[in-house]
Amino acid sequence: MKSFKVSTFSFLLLFVFGQLSGQGTFDKAADSDPAATKILDKLKKEYDSYKSLYVDFDLILDLPQQDSEIQKGYMKQSGDKFVAKMGDQEVYCNGKNLWVYLPSNNEVQINDFNPKDTEGMLSPKDLLRIYENGNYAYAITGEEVISGKRVTLIEFKPLDKNSEYSKMRLAVDAKSNRAQSIKVFSKDGSRYTLNIKKFEGNKAFEASTFTFDSKKYPGVRVEDLRID
């Protein structure tokens, strides 16, 4: 049974170590670009105003000596409750229990919910809290056109030089001021690109959305790892 680990979604939120081109020396959070902070503050303010979120995305995996792979997924989130589907697994959380379902094996693992176990999940709110914690330096590195939209590029590096990542690049729509893509560069040559296809705030969800219903999966094997 494959346990749910941060590694599955870590490319979404993990920042990286590396030089920010054309921006001078970045050795501490205070070196970060004020113009980038202004954009991130605006994004955070908007996302924090939503009680719930729906995100539809494509994940492009470029691994050394392998063909590119595209995985489609989505995430619904309301407070501590969420459901996420991508690749070979589905994750459900009702704020108390966490279910990880593997369709290929028709297996589900149940754990007590611990927010620390899901800190790598896709969440714009969590992403925009990270830049405030003082562990990263960041700066605007330019603009370009992606899918017909002009975006501002903000690159980050963690101040921990032992990070396994080299840098992370966030593309923000210059007109709507919303995140369009996130690209993570690993030191081993791997690249992970998350393209946000659709974003909706304050979308209504039924309470049952966030609970795995075994009745809908005949013959499912259940592994209950909750602590009584």
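Where is Q65 found? Q65 sits in the loop between strand 1 (52–62) and strand 2 (69–78). The views below start with the sheet and return to this loop at the end.

This is a predicted model, in which local features need pLDDT of at least 70, side-chain atom pairs count only at pLDDT 80 or more, and totals for chains, interfaces and linings use all residues. Residues are numbered from 1 along each chain as its sequence is written, and side-chain values use heavy atoms, with hydrogens and water left out.

View 1. Strands (E, at least two residues) and helices (H or I, at least four residues) are DSSP runs, numbered from the N terminus. Two strands pair if DSSP finds at least two bridges between them. Strands of a sheet pair through backbone hydrogen bonds, either parallel or antiparallel.

View 2. Contact means heavy atoms within 4.5 Å.

**View 3. The largest nonpolar core has 27 residues.** I154, F156, L170 and F199 have the most contacts inside this core. A nonpolar core is a set of buried Ala, Val, Leu, Ile, Met, Phe, Trp, Tyr and Cys residues joined through side-chain atoms within 4.5 Å. Buried means under 20% relative accessible area, exposed means over 50%, and partly exposed lies in between (1.4 Å probe, protein chains only). The elements giving two or more residues to this core are helix 1 (34–48), strand 1, strand 7 (136–146), strand 8 (149–158), strand 9 (165–173), strand 10 (179–186) and strand 11 (191–201). Another core, of 10 residues, lies apart from it; V83, Y101, I110 and F212 are among its members.

**View 4. What does I154 touch, not counting residues up to four places away in sequence?** Its contacts are A36, I39, L40, Y138, A139, I140, M168, R169, L170 and V172.

**View 5. Strand 8 and strand 9 form an antiparallel hairpin.** They are joined by 6 bridges. The hairpin connects them through 6 residues. V151 has D173, in strand 9, as its bridge partner. A salt bridge also links the side chains of R169 and E155 (2.8 Å, N to O). R169 lies in strand 9 and E155 in strand 8, so the pair ties together parts 14 residues apart in sequence. R169 is partly exposed, at 22% relative accessible area, whereas E155 is buried, at 4%.

**View 6. Strand 9 and strand 10 run antiparallel.** Here 7 bridges join the strands. K167 stands opposite F185 in strand 10. The hairpin has 5 residues between the strands, and N177 there takes a positive phi near 60 degrees.

**View 7. R178 and E46 meet in a salt bridge through their side chains (3.0 Å, N to O).** A salt bridge is a side-chain nitrogen of Lys or Arg within 4 Å of a carboxyl oxygen of Asp or Glu. This pair links distant parts of the chain, 132 residues apart. R178 is in the loop between strand 9 and strand 10, and E46 is in helix 1. R178 counts as partly exposed, at 27% relative accessibility. The whole structure holds 12 salt bridges.

**View 8. K203 forms a salt bridge with E200.** The closest N and O atoms are 3.6 Å apart. K203 counts as partly exposed at 31% relative accessibility, and E200 counts as partly exposed at 24%. Elsewhere, salt bridges that share partners join D58, K72 and K197 into one network.

**View 9. Strand 1 and strand 2 run antiparallel, with Q65 in the loop between them.** The strands are joined by 10 bridges. D56 has Y74, in strand 2, as its bridge partner. Q65 is not a glycine, yet its phi is positive, near 60 degrees. At 87% relative accessibility, Q65 counts as exposed.

**View 10. N106 has a positive phi of about 50 degrees, although it is not a glycine.** N106 lies in the loop between strand 5 (97–102) and strand 6 (107–112).
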